[in-house]
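I wished to examine how the parts of one protein chain sit against each other. My notebook entries on that subject are given with the structure.

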Amino acid sequence: MMKYVIGVDLGTSAVKVLLVDQAGTVVAQASEPYPLAQPHPGYSEQNPDDWVRGVTKALQTLLKTGGAAPADIEGLSYSGQMHGLVLLDAAGKPLRPAILWNDTRTTKQSQEITAKMGARFLAITRNRPLEGFTLPKLLWVKENEPAIFAQAKSFVLPKDYVRYRMTGKLEMELSDAAGTVLLDVGKKQWSQEVCAAFDIPMSLCPPLVEATQRVGTITPEFAQASGLATTTAVFGGGADNACGAIGAGILKPDQAMCSIGTSGVVLTYEPDAAVDYHGQLHLFNHAVPNAYYSMGVTLAAGFSLSWFKQTFAPDVDFTAFVNSAAAAGVGAHGLLFTPYIVGERTPYADAKVRGSFVGVDARQTRGDFVRAVLEGITFSFKDILDIYRQNGKAFSQLVSIGGGAKSPLWLQIQADIFNTPIVRLQSEQGPGLGAAMLTAVGLGWFKDLAACAEQFVHGKQVYQPDPVAAAQYAKLHALYQQVYPATAPITAGLLASQD
Ligand SMILES: Nc1ncnc2c1ncn2[C@@H]1O[C@H](COP(=O)(O)OP(=O)(O)O)[C@@H](O)[C@H]1O
Ligand SMILES: O=C(CO)[C@@H](O)[C@H](O)COP(=O)(O)O
């Protein structure tokens, strides 16, 4: 009798659920979108109960189409969009919409953290207190919505909230907890020193669980709603980028991944916390036991493309829209785009910068603009790769995952801009596969994630860089890098003019 696991990838644009059998074959998948609210510039919120509704619906579809008997689904786990603040009252109900990872209203709070703790903060949390992380969001609510903060009994992250609603157990998983910047990353425990410095009661911080730890089973209520069995075991899960790395088989220090979801990420495995990027890159506990990972983040990667499409070509099919960039050729007839449409994190930790099209020419078509968007996002990833190179790390290839990896054109653009081979996997759903792998290891199907990866992770195709295009892109990237310093003061002024 074949047994199955489920990986639930709680993304920003949608939840994607995967049904995977013991051989590592993805036998079915389903997806449900949910809305994203941006009520003011820099704000980004979602309703936690929309996630639960989306997960329930996607699981119903998966069970209908997958052909697996619920009793044969032995376990389930999660990959979750990181950093989002879900504040809960004494009854475990959300007190306000979740404030997401790409919400940058918290510049003042981030600056206060730096002013108060400086280098000590980096030493404990291994990260700079950027706007997107959870602690600045907690401080924002404390300062701006004191009545809500006073009612808060705990806080969790997006996938931890969904797990709570599915199991009745309120916990936070370690790889995600690292992204709150309230964690002592080396000691793997909540930092009393950071909590005390900002007057955050330790009682707000839930108990920590490891990614492959079994936390419980599905409640009768959620089983009834979704069609799952109450016998299905539920495991901690991981931060989406940790899970993406696992699902892409990035389990050694010389391997790297490029992920194009709503955000964009270039990431590598770190065997220990000894590495020091001086806060230029994020460093977090991994969902791989006792390991770490570093990464740089482009805030609006897939989001820049989705925004452009939604704004200028809402009725065109997504794939046809992306493919319209092919005819434009390298450099989009002289058009450059910077993807800073909600601010940026890496390499510029700047919440006030906004994006630009530079070199607009009367002969350009919409296809040129699509091409410029694809290239600009990828130039931003190249900036992250350059930070790795400056720190002595070069990768012989990158594995590409996320919604952006559906496009062969964009995969080739990545290979050409990075001048590095790009590996496409059989499924671009890296985070969901990583969550399924955590489940398989948690259940004891495999001795560790490396053994599981041998069976679950399969490359499909390698995109080799074209030397002519790579040389053209090297020149264009040098021009792209001049756009940030030239435009940052102008775009910050434009943002301020809207206050
Ligand atoms: N056919 C496609 N070609 C290229 N990019 C795509 C395609 N379909 C979706 N995308 C991009 O993928 C992104 C969503 O990726 P996904 O990994 O699902 O994100 P998330 O996990 O943040 O919800 C979208 O923002 C979109 O720009
Ligand atoms: O903020 C980060 C990482 O630090 C983002 O990568 C989020 O984790 C959201 O991921 P996607 O929805 O783009 O997968």
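Entry on the model. I noted at the outset that this is a predicted model.

Entry on the domains. I looked up how the chain is divided and found domain 1 at 4–241 and domain 2 at 249–427 + 466–499. I then looked up the separation of their centres, taken over C-alpha atoms, and recorded 25 Å.

Entry on the contact. I found 33 residues of domain 1 in contact with 33 residues of domain 2. For the area buried between domain 1 and domain 2, I recorded about 2600 Å², with 58% of it on carbon and sulfur atoms. I next asked which residues of domain 1 lose the most area to domain 2. They are Trp101, Arg126 and Asn241, which together account for 25% of what the domain 1 side buries.

Entry on polar pairs. I searched the interface of domain 1 and domain 2 for salt bridges, and the rule finds zero. For polar contact across this interface, I recorded seven residue pairs, both residues at pLDDT 80 or more.

Entry on the domain 1 side. I looked up which helices and strands supply at least two residues each to the side that touches domain 2, and I listed α2 (107–125), α6 (174–177) and β15 (238–239). Of the elements on this side, α2 gives the most, with three residues. I finally sorted the residues of domain 1 that touch domain 2 by class: 13 are nonpolar, 16 are polar and four are charged.

Notes: Residues are numbered from 1 along each chain as its sequence is written. Chains are lettered from A and ligands numbered from 1 in the order in which they are written. This is a predicted model: local features need pLDDT of at least 70, side-chain atom pairs count only at pLDDT 80 or more; totals for chains, interfaces and linings use all residues. Side-chain values use heavy atoms; hydrogens and water are left out. Domain bounds come from an automatic or database domain assignment. Contact means heavy atoms within 4.5 Å. Buried area is the accessible area (1.4 Å probe) that two parts lose on being put together, summed over both. A salt bridge is a side-chain nitrogen of Lys or Arg within 4 Å of a carboxyl oxygen of Asp or Glu. A polar contact is a pair of N or O atoms within 3.5 Å; within protein, one must be able to donate a hydrogen and the other to accept it, and residues adjacent in sequence count only if both atoms are side-chain atoms. Helices (H or I, at least four residues) and strands (E, at least two) are DSSP runs, numbered from the N terminus. Ala, Val, Leu, Ile, Met, Phe, Trp, Tyr, Cys and Pro count as nonpolar, Asp, Glu, Lys and Arg as charged, and the others, Gly among them, as polar.
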